[in-house]
Amino acid sequence: MSDDTKKNLPAPVRIPTGQFPAILTPSRRPSGTNMPIVRANEIDVLARDGLVKPHQVQRLRDLLSMGQQSLDAALEEIGFTPDQLVDYRAAKYNIPSVTLSPHHPAPDVLELLPFDKAEKYGVIPLSRTDRTLTVVIADPGRLDHLDMIARITNLKVSPVVAAESSINVARKRYYGNTRGIELTEALDRHVQDISADDVSVVPEGTAVIDVDALEKSSEEDSIVKLVNLVLVTAIQRGASDIHVESYEKMFRIRFRIDGTLYEIQRPPRKLRDAIVSRIKIMASLDIAERRAPQDGRIKLRLPGGRDCDFRVSVLPSLFGEKVVLRLLDRQNLQTDMTKLGFDADELTRFKAAIHKPYGMVLVTGPTGSGKTTTLYSALHELNRVADNVSTVEDPVEYNLEVINQFQMRDGSEMTFANALRALLRQDPDIIMVGEIRDFETAEIAIKAALTGHMVLSTLHTNSAPLTIGRLLNMGVEPFMVTASVNLIAAQRLVRRVCDQCKQLTQPEGKACMDAGMSEAEIRNGTFYEGAGCPTCNQTGFKGRVAIYEIMPMTAALKEAVMQGCSPVELEQIAVREGMQTLRRSALKKFALGLTTLAEVLRVTRED
């Protein structure tokens, strides 16, 4: 940029931090007149404003005519720095320029604008105040983009400006890289190399399915390699689930990593039936059946003798079959109770409850909250030669050594209630029931707990106190609950800050206090955020840690249950008796630098 042009740029003015949301690190507020935002020919406007010299105009037109880069990238190619472009646009439109920080916007703000829309229109939503959404954009002159964002969010849009390159990097970090994780180069290359000649797929709407042709297409070398690459890559990335999804105009594969779904690949739709059929063949399912759900299992043997199981579920959808594969990698099963996330006091209480000679210990939480892992770790703790340990599960997720495991089967007499009833005649000492789903199962489990057996099981409730109400709603008498239940543990999983790219940070004090932290906790805490690196796929998180709400059935709680107290009253009594809520447990992990405040608020939302 010439010296004359530099002189035309206004001097930046520092803005007080308090005027912006915590997510922004204000860098400068340009002075200058309020210029009209009129979208004319972009290059002509830049030339008229003196930013681009006449001899550079044609070079810019040539670069843009190739259609492979944005205006900002073209300007940088002819010698402009990102900061110079930001200064120019901030002055031109009389709006602030900002430096994007590692702090993420609130999850509810990001939810206002999906990742694909934010990427399409080149923005990041940063904060919301009443009916105004603040977004950062590289070129505020794109009124068409700002107008579309206003239409999508139904909010007034207030732009601030930052460099295009920093917006692209920050967008992936803020959204958890929901479209940024790519498979290995081998998979990308493999998908691109597959041609129409590689598969033979039954056309949409065909009444008769050519099973032979479909099976042949699924056994094509290219399809076999593609599916194998997906499965192996999922294991390498530490995914817990693989989603193979069919839509009207799209076919995609997603991985669930650390509880969050990431889009991995969009193979051509012509490969849909061949890929689904290949998975069905591997799982020993009927490839001709497309109208009914099917369940199966795939077992892979990896180099070194390591085995990994995939539980396969196929469900017909509007535009084809959806396949979900749950990865059951025993190597990732954590059976050491000290590494699950228990605080010292919580672990002492939990161990005391499971080591009692009889009674019931319940672990509650939504699907995917780690309940099975906690129960398996308890079984590992209790498993001794002197005891007969048995489980009744649907399905059996991991094969445990020297433990008797029984699988429930649809369409047979092997229901939870029947299996549990039969198991009591097998001289058990410790019984794990995969889930208490109905009154019959609950009644038998409670009777087992009252007759000298230790019973471990799960329920789907949102907190420990709510579990009491769930049992009562099933029809269990209050005196049976108080006589049998030793302890109830509610749990969730929060993502860990990546150890490879974590960096010290200081969260906003007001936000921490609003979440429930004291000034002393904020002052004495050590807080980290992940900057994003290849290890964590640029998300800033790697792995998860459990948070717990441990509620022993004390005398005071038993008396409250008998008196018919509400879950709110039960929680108040439990807190007085020493229970810490899920929110408090999560905030402790935050103060130790294990997770972030945004993750705490996402997992432990309180009404």
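User: How many bridges join strand β12 to strand β16?

Analyst: In general, strands of a sheet pair through backbone hydrogen bonds, either parallel or antiparallel. Here β12 (residues 359–364) and β16 (residues 454–459) run parallel and are joined by six bridges; within this pair, Thr-364 has Leu-459 of β16 as its bridge partner. Two strands pair if DSSP finds at least two bridges between them; strands (E, at least two residues) and helices (H or I, at least four) are DSSP runs, numbered from the N terminus. This is a predicted model, in which local features need pLDDT of at least 70 and side-chain atom pairs count only at pLDDT 80 or more, while totals for chains, interfaces and linings use all residues. Residues are numbered from 1 along each chain as its sequence is written, and side-chain values use heavy atoms, with hydrogens and water left out.

User: In what order do the strands of the open sheet stand?

Analyst: The order of the seven strands is β14-β13-β15-β16-β12-β17-β20, with mixed pairing. Because β14 (404–407) and β20 (541–552) are at the edges with a single partner strand each, one side of each has no neighbour in the sheet.

User: Which strands pair with β6 in the antiparallel sense?

Analyst: Strand β7 (residues 251–257) runs antiparallel to β6 and is joined to β6 by six bridges, and a hairpin of four residues connects the two. β11 also pairs with β6 in the antiparallel sense, over four bridges. Asp-241 stands opposite Arg-256 in β7 and opposite Arg-326 in β11.

User: Are the faces of β6 covered or open?

Analyst: A residue is buried under 20% relative accessible area, exposed over 50% and partly exposed in between (1.4 Å probe, protein chains only). Both faces of β6 are covered, with Asp-241, His-243 and Glu-245 buried on one side and Ile-242, Val-244 and Ser-246 buried on the other. Six of the six residues of β6 (residues 241–246) are buried, so the strand is largely enclosed by the rest of the structure.

User: Why is helix α13 described as largely enclosed?

Analyst: The reason is that 10 of the 11 residues of α13 (residues 272–282) are buried. Among them are Val-276 and Lys-280.

User: What does the side chain of Glu-321 contact?

Analyst: A polar contact is a pair of N or O atoms within 3.5 Å; within protein, one must be able to donate a hydrogen and the other to accept it, and residues adjacent in sequence count only if both atoms are side-chain atoms. The side chain of Glu-321 makes such a polar contact with that of Lys-280 (2.7 Å). Glu-321 lies in β11 (residues 320–328) and, at 9% relative accessibility, counts as buried.
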